[in-house]
Amino acid sequence: MLGKLFGRSAGSAEHPHALPVPRRQRGGVYKLEALGDARVLALTEAARARDWAAVKTALAPFDLGHEQAVLGQLSVVDGLEEWIVKAADEDKGDDELRATALLISGARHISWGWDARTSARAVDVSREQWQTFYERLNIAEEHLLEAAELRPDWVTPWRQLITSGRGMSLDDHVQDARLAAGLRRDPLNLDIHLEWVSHLQPRWGGKPGEALEFAQKAFAAAPDGHRLGCVVAMARIEEWVESDRRDCLQDPRIRTELREAAERSILHHAYERGLGWQGDYNIFAMALSLAGSSTASNVFRELEGVYTEWPWVFMSDPQKAYSRLRKAF
């Protein structure tokens, strides 16, 4: 079945839009492109070609107001910020299209802003970098707030606004209100929860243990088979990122917690492998590996060599790190 999901049986009934497995791989490992879906690839290619008509057509199968994974694919398209809102303005009177363009532009400006800031420590970011960062985030805020006003049912603008607010160091009450707005629209939304786990990290002003407590409480309220289990795994990864000890997750209690979270979420029979499900599995693969849990082998086996940059981006060479830990289990 997994072969079909990854496109080994092109046009299969189980995943008719699956992209074929790349022929060139490094040690049987390859990066997931366009969420492994031909429709997402068509969408990003239309965006790179600056073809608004083609973008509108390619957007038909998706609901960007609720599908963060697809929105994330558009947010990294270079140059998108230069034309998409102007193109949508030509469709005068169509608030739906304008909201969509503003949402995409907002997400893109956040990604573009972080490109300018880089992942360096705050003390190592130049004044010019900070200025560009804030300028781009300001535009993102403007566009996302307008999109949220035009489409009050959408959740993705609020997830993006948490990110821009974190980058701009907005007051806690503003961030809390954005979290509440997102959760009112989708109480079990994984992307909102993952973003809040990042927001609560000490490097962003949070308190040690705060993110883990938030994650554990959220997952406890989720039904069996829900992907919200990933928030617990991500909180543990963030704990590892913040720690000076590379073996900080090597604890029997943590191994048990992560194994149980995996078994009640991604490894549960009720878990649904939606678009981009490989990202959920990669989060658990990294967390379980860092904890030294043998359950990591089950997760790697299901992935069949597919890795996603997130969360391996926390390591110097994501693909090499994935390969090394995959072989270890």
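Reply: Rings of Phe, Tyr and Trp, the last by its six-membered ring, pair if their centres lie within 6.5 Å. The model discussed here is predicted. By that criterion, W114, F133, Y134 and W204 form one aromatic cluster.

Me: Is the pair of W114 and F133 stacked, tilted or edge-to-face?

Reply: W114 lies in helix 6 (residues 95–117) and F133 in helix 7 (residues 127–150), so the pair links distant parts of the chain, 19 residues apart. The ring centres are 4.9 Å apart. Planes over 60 degrees apart count as edge-to-face. Because the planes of W114 and F133 stand at 85°, the pair is edge-to-face.

Me: Which class describes the pair of F133 and Y134?

Reply: F133 is buried, with a relative accessible area of 0%, whereas Y134 is partly exposed at 31%. Their rings lie 5.7 Å centre to centre, with 45° between the planes. The pair is therefore tilted.

Me: Over which ring does the charged end of R136 sit?

Reply: Two arginines can be described in this way. The charged end of R264 sits over the ring of F219, 4.0 Å from its centre. For R136, the distance to the ring centre is 3.6 Å, and the ring is that of W112.

Me: How many disulfides are there?

Reply: A disulfide requires two cysteine sulfur atoms within 2.5 Å. For C230, the nearest cysteine sulfur, that of C248, is 19 Å away, so C230 is in no disulfide. C248 is likewise in no disulfide. The count of disulfides is zero.

Definitions and conventions:
Residues are numbered from 1 along each chain as its sequence is written. This is a predicted model: local features need pLDDT of at least 70, side-chain atom pairs count only at pLDDT 80 or more; totals for chains, interfaces and linings use all residues. Side-chain values use heavy atoms; hydrogens and water are left out. Rings of Phe, Tyr and Trp (its six-membered ring) pair if their centres lie within 6.5 Å; planes under 30 degrees apart count as stacked, over 60 as edge-to-face and the rest as tilted. Helices (H or I, at least four residues) and strands (E, at least two) are DSSP runs, numbered from the N terminus. Buried means under 20% relative accessible area, exposed over 50%, partly exposed in between (1.4 Å probe, protein chains only). A charge sits over a ring if NZ of Lys or CZ of Arg is within 6 Å of the ring centre and within 35 degrees of the ring normal.
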